[in-house]
Amino acid sequence: MRVKNLVDAHHYKEKLAKQNEVLETTIEQLKETETLLVQTEKIVSLGRMSAGIIHEINNPLNYATTGLFTLRSKGKFLAPEQQAEYAEILKDVEDGIGRVKSIVSDLKSFTTPTPSRWTRWSCRRSLIPR
């Protein structure tokens, strides 16, 4: 009876050691998954913030573009000697608006990134114990 109890205790210790090992690897995988999720959330929130900033830039930019169109049409009523200078000023304004639009379009490529399929798959996969 004593030997049987010792053998059973040894088997239970081995089983407990295996369970502890599985739990440790699972905890490690959960930590990695949590790190990935935090990084993804940071990127998504940064994308949302930049999308808001771009929206705030685009509104005045659209007003400026509309105003530029109106000024061009009003320039026809100026004296001929003023039209050349006026056209040059409008050209400078148009170039500035174009530069801002190109910067905004470059920024749009960085907005609201979504996690790749691989990241989502690896996050789900790491939650599955092996």
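The model is predicted: local features need pLDDT of at least 70, side-chain atom pairs count only at pLDDT 80 or more, and totals for chains, interfaces and linings use all residues. Residues are numbered from 1 along each chain as its sequence is written, and side-chain values use heavy atoms, with hydrogens and water left out. The protein has three helices and zero strands. Its order along the sequence is α-α-α.

**Fold**

- Helices (H or I, at least four residues) and strands (E, at least two) are DSSP runs, numbered from the N terminus.
- Helix α1 covers residues 2-74, which is 73 residues.
- From first C-alpha to last, α1 reaches 107 Å, close to the 108 Å expected at 1.5 Å a residue. The expected span is 1.5 Å times one less than the number of residues.
- Helix α2 takes in residues 80-108, and helix α3 residues 117-126.
- Contact means heavy atoms within 4.5 Å. Of the contacts with a separation of 6 or more, 80% join residues 24 or more positions apart.

**Burial**

- Buried means under 20% relative accessible area, exposed over 50%, and partly exposed in between (1.4 Å probe, protein chains only).
- Buried residues make up 14% of the 130 residues in the protein.
- In α1, the buried residues are Gln 29, Thr 33, Thr 40, Val 44, Gly 47, Ile 54, Asn 58, Leu 61 and Leu 68.

**Salt bridges**

- A salt bridge is a side-chain nitrogen of Lys or Arg within 4 Å of a carboxyl oxygen of Asp or Glu. The count comes to three.
- Asp 8 and Lys 4 pair at 3.0 Å, N to O. They are four residues apart in helix α1, so about one helical turn separates them. Asp 8 is partly exposed at 26% relative accessible area, and Lys 4 is partly exposed at 49%.
- Glu 94 and Arg 72 pair at 2.4 Å, N to O. This pair links distant parts of the chain, with Glu 94 in helix α2 and Arg 72 in helix α1, 22 residues apart. Glu 94 is partly exposed at 35%, and Arg 72 is partly exposed at 36%.
- Asp 95 and Lys 91 pair at 3.1 Å, N to O. They are four residues apart in helix α2, so about one helical turn separates them. Asp 95 is partly exposed at 32%, and Lys 91 is partly exposed at 43%.

**Surface**

- Accessible areas come from the Shrake-Rupley method with a 1.4 Å probe; for residues, only the protein chains shown count as cover.
- The protein exposes about 10800 Å², with carbon and sulfur atoms supplying 62% of it.
- Patches are made of residues with over 30% relative accessible area and no salt bridge; like charges are joined within 9 Å, nonpolar side chains (Val, Leu, Ile, Met, Phe, Trp, Tyr) within 5 Å.
- Leu 46, Met 49, Ile 53, Ile 57 and Val 100 make a nonpolar patch of about 420 Å². Helix α1 gives the largest share, four residues. Met 49 lies in α1.

**Confidence**

- pLDDT is the predictor's confidence in each residue, from 0 to 100.
- The protein averages 83, and 84% of the residues score at least 70.
- Among the elements, α1 has the highest mean pLDDT (90) and α3 the lowest (49).
- Over residues 126-130, pLDDT stays under 50, and the model has eight contacts beyond four places in sequence for them.
- Where pLDDT is low, the predicted coordinates should not be read in detail.
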